[in-house]
Amino acid sequence: MNPDPKTMPDPSAMISVRNLSKLYKDFIALDRISFDVQRGEKIVVLGPSGSGKSTLIRCFNRIEPHDSGILSIDGRVINAQTDLTQLRATVGLVFQNYNLFPHLSVLDNCTLAPRLVKKTPRADAEEMAMRFLRQVNIAEQANKYPIQLSGGQQQRVAIARALCMQPEVMLFDEPTAALDPEAISGVVGIMNDLAQQGITTLCVTHEMGFARHIADRIIFMDKGRILEITPPAEFFTNPRTQRARDFLDQMISY
Ligand SMILES: Nc1ncnc2c1ncn2[C@@H]1O[C@H](COP(=O)(O)OP(=O)(O)OP(=O)(O)O)[C@@H](O)[C@H]1O
């Protein structure tokens, strides 16, 4: 008998989620979420404030451990036994508040994890870091400390730092929140490059233009559940649910 695709993860998908639930005490933040993402896909997660978007992507590298259901990345099930160092080398997360180490320079922020986790020699780690810092257009700040940078500059360093671990999956929580339009188009370019390299991206955003631009598919969430998974052309012109229509109306009038 074949395994039930409603309960068993798809081993051929880069990300496969089945009935994933997360509780904060008795509050259900994620309620039996299921979806698959193919290698190199760019998924944007949209939804009202408090709908569970950040919680969902935080489950992927176990910053938030899920309570039930199955989450698998590249065919490997993620659970309490998973080696977190290994997992976080595979799954990069760019936080909304950057989370840079304040006592380290930009360059050292980028080289620390490759040197410690992957044992990359310092010179090789620095060469790679400079390459990614150039890609996000911040290489000239390599010797500065985070406090000396603007929010948008720190955001770009956080992206370069995550790329230095050469992850297979990149998670972004509001990557454009602190960026001007020029820098946003830089992030769009980075995400397109990542997709071409086969890196899978999940991105939470409130920026509708950005979402429309980069998403291969939109996941729309409300109250911890997925209401729609659709290509952006369809989601933005003809959403399937009234909740998504109301959400888009609000975003447009705002
Ligand atoms: N550590 C926590 N403890 C208790 N409740 C939490 C915790 N983190 C999140 N929540 C609750 O879980 C729900 C989902 O939060 P989450 O941050 O995932 O939402 P979100 O969709 O990302 O919201 P926003 O768009 O405002 O960032 C919210 O109601 C939030 O208050």
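User: The expected span of a helix is 1.5 Å times one less than its number of residues. How far does H5 reach from its first C-alpha to its last?

Analyst: This is a predicted model, in which local features need pLDDT of at least 70 and side-chain atom pairs pLDDT 80 or more, while totals for chains, interfaces and linings use all residues. Residues are numbered from 1 along each chain as its sequence is written. Helices (DSSP runs of H or I, at least four residues) and strands (E, at least two) are numbered from the N terminus. For the 13 residues of H5, 18 Å is expected at 1.5 Å a residue, and the reach is close to this, at 19 Å.

User: How many residues of H5 are buried?

Analyst: A residue is buried if 20 or more other C-beta atoms, placed from the backbone, lie within 10 Å of its own, exposed if 12 or fewer, and partly exposed in between. Of its 13 residues, the number buried is eleven.

User: Which element gives the most to the shell around the ligand?

Analyst: The shell (C-beta atom within 6 Å) includes Tyr-24, Phe-27, Gly-52, Lys-53, Ser-54 and Thr-55. Strand E2 (27-37) and helix H1 (53-60) each give two or more residues. With three residues, the element giving the most is H1.
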